[in-house]
Amino acid sequence: MTPKITPIETRYAGCRFRSRLEARWAVFFDHLDIRWEYEPQGFLVDNRPYLPDFLLPDCGTWVEVKGSGDELDVGLMQQAVHHLPHIKHQGECGPRLMVLGPIPEPPPEGDVGWAGLNPEDGGQPAWRYGFGSYHKNLRPWVLVSAGPMHAADSSAQEWIVPWIDPLDNGAPEVAEAYVMARSARFEHGEKG
């Protein structure tokens, strides 16, 4: 039995994050000038409380961050995508909900894709979305069909493992944002 690891609360950009991983994703978003709100609102999803980690208001995408598949409640995510409110957005609509895992090493070329869920896909992660073209339309960009993740029996671990698209021309600033997020140190206050 693997012992449960307790996340370290971390302060960054005036927010108290429940984990360093969440703070590192905030560093990632900041480096790419992606507007974010941390835990802006909680919801009841089928009488269960749910507090999404982030809202990307420019595209109306809610974001859930998990360090491991063991922490991810797949059933809750599948229901939440149907209940989370549609947010008025500036650019094109992004996925209703994205699930992000640990910050990966950036690929030498290409982009990294993450599970995105939309109500019209039945709450299954049917597409992988990357941030390489975010500023073109102010939303995460569809990289590829999620393929095997679309199966109802996909494991929670598959949901948080990044998918590398070596053919996508990705933007160098995205690779740099992953490096910045991975190397962020929070021991001395709010400097990422």
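Helix H5 covers residues 172-183 of this predicted model. At 1.5 Å a residue, its 12 residues should span 16 Å, and the end C-alpha atoms lie 17 Å apart, which agrees. Four of its residues, Val174, Ala177, Tyr178 and Ala181, are buried, that is, under 20% relative accessible area. Viewed down the axis of H5, the buried residues fall within an arc of 100 degrees, so they line one face of the helix. The cover over these buried residues includes helix H1 (20-31) and strand S9 (111-117).

S9 pairs with strand S10 (residues 127-130) in the antiparallel sense, over 3 bridges. Here Ala115 stands opposite Arg128 in S10. S10 is also joined to strand S11 (residues 141-145) by 4 bridges, and these two strands run antiparallel. In this pairing Tyr129 stands opposite Val142 in S11.

In soluble globular proteins, nonpolar side chains tend to be buried together. The largest nonpolar core in this model has 34 residues, of which Trp25, Phe28, Phe29, Trp36, Phe54 and Phe131 touch the most other members. At least two residues of this core come from each of strand S2 (15-17), H1, strand S6 (54-56), strand S7 (61-65), strand S8 (97-100), S9 and H5. H1 gives the largest share, 7 residues.

Technical notes:
Residues are numbered from 1 along each chain as its sequence is written. This is a predicted model: local features need pLDDT of at least 70, side-chain atom pairs count only at pLDDT 80 or more; totals for chains, interfaces and linings use all residues. Side-chain values use heavy atoms; hydrogens and water are left out. The expected span of a helix is 1.5 Å times one less than its number of residues. Buried means under 20% relative accessible area, exposed over 50%, partly exposed in between (1.4 Å probe, protein chains only). The arc is that of the directions from the helix axis to the C-beta atoms. Contact means heavy atoms within 4.5 Å. Two strands pair if DSSP finds at least two bridges between them. A nonpolar core is a set of buried Ala, Val, Leu, Ile, Met, Phe, Trp, Tyr and Cys residues joined through side-chain atoms within 4.5 Å.
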